[in-house]
Amino acid sequence: MSSWQLPGVTSSCLTMQDVLQTLPQWTESLKKVIVIGVSTTLNGDILKIWNQFDDFNHDQVFGVSRSEIGKPGLLLANISASSIQQDDYGKFDDLWKDVFQNAQTNSRHDEYLVTGCVTDIHEVLSFTQAYRKAPGQRYSVYQEYFESVYEAIAEHDGNLLRRRFIKCQSFVRFPQVTNKTKKCASIVQRETLTLRTHLFYHGGHDLDIDAYSVTMAMQADFSRFIQMIDMISSYWLCPMSIALYATDEEASRLLRVVKFSGALSTRKDIAIHIAFVDRDFEHYPVNHLRNVAKEGVITNYLFVSEVDFFYSADICQNLRYLISEIDDRERTMDKKAIVVPAFESRILTERSLPVTKDELVERYLNEEYEYFHQTKYPGGHKPTDYERWIDATEEYRIRWNRGYEPYLVLKTQDCPDFPKIFSGRGFNKGSHTMILVAQGYRLLVSPNTFMIHMPHWLSSGRKLYLDDEHYQKCLSWAKVHFDQSLYKKYNITERDLRRGGF
């Protein structure tokens with residue numbers, strides 16, 4: 001709830017077990033209760049409604065219904081008057097009918113006067129300022145205003161609750177803009193970006209896990225996710241934690257997609273977390289989404305991957321075995337990250353995918369495949385040492401080099417956050433790898449697993465990176481800023497990173 005940043009709203013959460021344990025204690029001394037329908041919106045402090053009990057007789061109840069009988073909006077009731085017992089909450093339905101069938105129409109309505117204009121959310125939501133009544137007439141001064149807000153929310157843009165139509169003080173604190181950062185303010189503001197987040201929007205329960213279970217953590221936009229999820233889940237048979245960058249409307253459509261997806265309709269170990277699209281943020285917040293996916297991982301290990309990859313046969317079982325083997329041999333997996341080699345091909349269909357290392361090596365040597373970004377950005381994966389991997393039968397250690405951005409398996413609880421300043425194209429995974437190396441991590445290449453990139457059209461993020469010279473300059477500034485902060489925090493130099501403890 002904190003990620004929603006709703007002005008003036010606080011929340012707390014109890015588990016169902018907590019509720020069940022405390023419910024008898026509440027009901028033993030409970031004399032008065034307010035029952036609120038799940039779709040009811042209050043336009044003021046509920047304490048003012050609670051205080052209406054002061055005017056009640058011992059046998060009175062009060063109710064407000066927005067629609068037909070049996071569809072409760074809000075009900076105030078004396079427990080003793082309504083004869084509702086501790087273990088008989090079903091009588092609330094009957095009580096609703098009794099209240100509204102016998103409701104009198106001569107209830108008194110207070111007169112309220114609206115003054116001034118709306119400049120703060122508390123004015124809009126105030127009982128004493130929100131309504132005006134002329135003799136013989138009840139009319140909400142802000143009726144059209146509220147209707148427009150409701151219609152916009154009904155059209156699925158929850159960001160309106162944060163800062164759009166309702167003008168209120170923002171809870172977002174951006175870094176102070178200096179002359180050095182003014183020209184790159186959009187980059188700087190990434191660090192304080194907080195997307196509205198709904199963790200475990202779907203799935204993520206009934207997991208069959210043990211000490212060496214691995215969860216794939218990845219992020220995607222809505223359209224790419226729908227296109228790829230069934231194919232990916234046919235390769236990766238272990239748990240998945242997916243951060244989906246989606247609008248409110250797309251999130252509602254997801255529930256329909258689940259019914260038609262072979263993977264989502266049958267597997268319960270695929271957790272989908274919604275990070276709602278912020279239209280004021282022009283870049284795809286890739287590192288922010290990776291952090292959301294990481295937060296949804298409940299296994300001891302996670303594998304940070306992407307939605308555009310296919311995998312070798314039995315990859316999750318092989319990674320589990322490798323983790324257990326290293327842990328047994330070295331007595332710990334702390335400060336170790338396993339690199340999964342990545343490949344790509346210009347001509348690729350799912351039917352032609354190699355599923356074993358022998359098949360892939362043959363095609364790699366025939367130049368049908370190359371390592372990932374070998375042509376576009378060779379430094380991104382070259383340190384994996386693919387020539388050595390061809391004949392490797394056990395994991396081997398490699399050196400870090402600038403720009404290295406491998407796909408890694410590591411302990412969930414020790415995995416640092418991905419730097420949000422790189423929540424766009426450029427250096428988003430590389431910065432995270434630098435943090436790991438600065439913390440003393442050893443990079444170990446998996447000898448018998450691999451991943452293969454699925455070609456796709458040029459992404460909007462890459463297009464921006466290639467076409468916008470100003471963006472490139474700001475990204476370079478962000479890299480320098482990041483390097484300086486990293487070296488200072490860990491008291492190291494780039495030379496120390498390159499040596500990597502060898």
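Trainee: Why is Ile298 called partly exposed?

Mentor: The structure is a predicted model, and in it Ile298 has a relative accessible area of 48%. Buried means under 20% and exposed means over 50%. The value of 48% falls in between, so Ile298 is partly exposed.

Trainee: What makes helix α13 mostly covered?

Mentor: Of the 10 residues in α13 (residues 286-295), 9 are buried. Among them are Val286, His288, Leu289, Arg290 and Lys294. The cover over the buried residues of α13 includes the strands β6, β7, β8, β9 and β10, and also the helix α17.

Trainee: How do you know that Phe427 is buried?

Mentor: Phe427 has 10% relative accessibility. The limit for buried is under 20%, so Phe427 counts as buried. Phe427 sits in the loop between β16 and α17.

Trainee: What is Phe427 in contact with, leaving aside its neighbours within four places in sequence?

Mentor: The contacts are Arg402, Phe422, Met434, Lys479 and Phe482. Take Lys479: this residue and Phe427 are 52 residues apart in sequence, while their C-alpha atoms are 7.8 Å apart in space.

Trainee: What makes Ser446 buried?

Mentor: The relative accessibility of Ser446 is 0%. That is under 20%, so Ser446 is buried. Ser446 belongs to the loop between β17 and β18. Not counting residues up to four places away in sequence, Ser446 touches Leu319, Leu322, Ile338, Val339, Pro341 and Trp389.

Trainee: Which residues have the most contacts inside the largest nonpolar core?

Mentor: They are Trp236 and Phe303, in a core of 109 residues. Helix α19 (residues 469-490) gives the largest share of this core, 7 residues. Outside the four places on either side in sequence, Trp236 is in contact with Phe303, and also with residues including Val214, Met216, Arg267, Ile315 and Leu319. In soluble globular proteins, nonpolar side chains tend to be buried together.

Trainee: How do you know that β12 and β17 pair?

Mentor: Two strands pair if there are at least two bridges between them. Strands β12 and β17 are joined by 4 bridges, so they pair. The two strands run parallel, and Lys336 stands opposite Arg442 in β17.

Trainee: Is the pairing of β15 with β17 parallel or antiparallel?

Mentor: It is antiparallel, over 3 bridges. Here Tyr396 stands opposite Val445 in β17.

Trainee: Why are β11 and β14 said to stand at the edges?

Mentor: They belong to an open sheet of 4 strands in the order β11-β18-β13-β14, with mixed pairing. β11 and β14 each have a single partner strand, so one side of each is left without a neighbour in the sheet.

Trainee: What makes β13 and β18 a pair?

Mentor: There are 3 bridges between β13 and β18. At least two are needed, so β13 and β18 pair. Their sense is parallel, and the bridge partner of Glu344 in β18 is His453.

Notes
Residues numbered from 1 in each chain as written. Predicted model: local features only at pLDDT ≥ 70, side-chain atom pairs only at ≥ 80, totals over all residues. Heavy atoms only, no water. Buried < 20%, exposed > 50% of the residue type's maximum accessible area, 1.4 Å probe, protein only. Contact = heavy atoms within 4.5 Å. Core = buried A, V, L, I, M, F, W, Y, C linked by side-chain atoms within 4.5 Å.
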